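Biologist: I would like a close look at one part of this model. Please take me through the open space first, then whatever else belongs beside it.

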Amino acid sequence: MQIGVPRERKTLEKRVAITPEGANQLVRGGHTVIIEAAAGEGSGFSDEDYRAAGCKIAKTLGDVWNNAELLVKVKEPDPSEFEFFRSDLLLFDFLHLASLPEVASALLAKKVTAFAYETLQTADKRLPLLEPMSEVAGKLSVLNGSYLLLSQNGGRGVLLGGAGAAPAGHVMIVGAGIAGRAACSTAHGMGAAVEVYDISQEKLAALAKEFPGIRTVISTPESLMHGCSHADLLIGAVLVPGAATPKIITREMIRALGPRRVFVDISIDQGGCAVTSKPTTLDNPTYEVDGVIHYGVCNMPAQTPRTSTMALAAQTLQYITMLADLGAAKAIHQSSEMKSALTCFDGKLTNKPTAEALGIAYAAPAV
Ligand SMILES: NC(=O)c1ccc[n+]([C@@H]2O[C@H](COP(=O)([O-])OP(=O)(O)OC[C@H]3O[C@@H](n4cnc5c(N)ncnc54)[C@H](O)[C@@H]3O)[C@@H](O)[C@H]2O)c1
């Protein structure tokens, strides 16, 4: 199969979908990999590395899309890429369509067969392609948040680990999944006073066991309100797979946080968990509401492209290989994981939570 890999277009996005090593594996398997010039540069992989791996280097974005049977990228297509959509194209990347209706409309109109990394689910309900990026974003959320808490950055001037007689700063993490756990591990390691909120008692118990000294709390409107009244850094790490994030942080809770506190909403890529959440970009990452510094970057792992590319590509390669070896129909029949990733097929939305979030009729995949 002809596999295309474009350079990412999102602001400061420097990840790339396939490493030279992964590309070489695909080439050895009889496939052709066409990668756009400089696509890997931000992750430390040169065109020469890809050429040595057996890839073809394409000069333009159009050369990649137009020659690809399977187009693999990291983030959802940029509007500049919509013109290349066609009905015999397979697309595999992060889609986040629940919060991107214009991307959904464009894919459906051109009947692209699109698979989403973030909904691909294993039999034991894990999301193996979202997990590595959630881990990176969780760790970065504490680094970004602690930086914004510095006085010169508009923050309250709190050092999360405290010092001497000065108490530790309070970090409130909502969501005890992969991103929440990673945030907890980083904040705990820094010596912060950490509180984690979730609706799953089981997940909270596992974190309490792993990180002695943290506080775990069942998430309710009342408990969240109380937490916000003393947090320095609030981190949103909530997910309902495929669906828009529930807006569980209210305007009153944001007011209760108070001026110069920081809110990092990791869940912004699915719409965000606060009524005040809105997406921002890495070149202009923050805005204020009621004096609270909001950070809503949808591609946080792009800050560490080398690590993120290697972590993501290690997980995606087996599924890219499956799609390339079998084609869409066979892959969906043989693999329940591939079927769970199918989001658009023949002009229809085949992921139920996404369809519900967008108010578009859901259709079971007729493959
Ligand atoms: N901004 C970025 O760059 C970036 C990068 C990676 C992941 N993400 C996003 O981070 C979010 C979290 O991903 P994850 O992999 O950790 O998901 P996860 O499924 O592992 O964890 C989500 C947690 O949210 C909890 N939850 C659901 N409803 C809740 C509620 N009402 N109150 C409290 N907790 C609730 C779930 O029980 C679960 O433990 C997702 O939206 C994901 O897309 C964003």
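By class, how many nonpolar, polar and charged residues does the lining of the second largest pocket have?

Modeller: One caution before the count: this is a predicted model. The lining of the second largest pocket holds four nonpolar, seven polar and five charged residues. In total, 16 residues line this pocket. Those nearest its centre are Lys10, Glu76, Leu100, Pro279 and Cys298. The volume of the second largest pocket is about 220 Å³.

Now the ligand. There are 28 residues around it, and Ser134, Ala179, Asp198, Asp269 and Met300 come nearest. By class, this shell divides into 17 nonpolar, eight polar and three charged residues.

Asp198 places a polar side-chain atom 2.7 Å from an oxygen atom of the ligand. Met300 uses its backbone instead: an N or O atom there lies 2.7 Å from a ligand oxygen. Ser219 has an N or O atom in its side chain 3.0 Å from a nitrogen atom of the ligand. On its own, the ligand has 880 Å² of accessible area, and the protein covers 91% of that.

Helices also take part. The elements that give two or more residues to the shell around the ligand are α5 (131-148) and α6 (178-190). The largest share comes from α5, with three residues.

Rolling a probe the size of a water molecule over the atoms shows where empty space is left. The count comes to one cavity of 30 Å³ or more. The largest cavity has a volume of about 50 Å³. Its lining includes Leu95, His96, Leu97 and Ala98. Ala116, Glu118 and Thr119 are also among the lining residues, as are Gly242 and Gln270. Thr343 and Thr354 line the cavity too. By class, this lining has four nonpolar, six polar and one charged residues. Glu118 is the charged residue there.

Note on methods:
Residues numbered from 1 in each chain as written. Predicted model: local features only at pLDDT ≥ 70, side-chain atom pairs only at ≥ 80, totals over all residues. Heavy atoms only, no water. 1 Å grid on protein atoms, 1.4 Å probe; cavity = no way out; pocket = protein on both sides within 12 Å on 5 of 7 lines; lining within 4 Å. Points joined across faces, edges and corners; volume = space filled by probe spheres on them. Near = heavy atom within 4 Å. Polar contact = N/O pair within 3.5 Å; in protein donor to acceptor, adjacent residues only side chain to side chain. Areas by Shrake-Rupley, 256 points an atom, 1.4 Å probe, with all protein chains shown as cover. Helix = DSSP H or I, 4+ residues; strand = E, 2+ residues; numbered from the N terminus.
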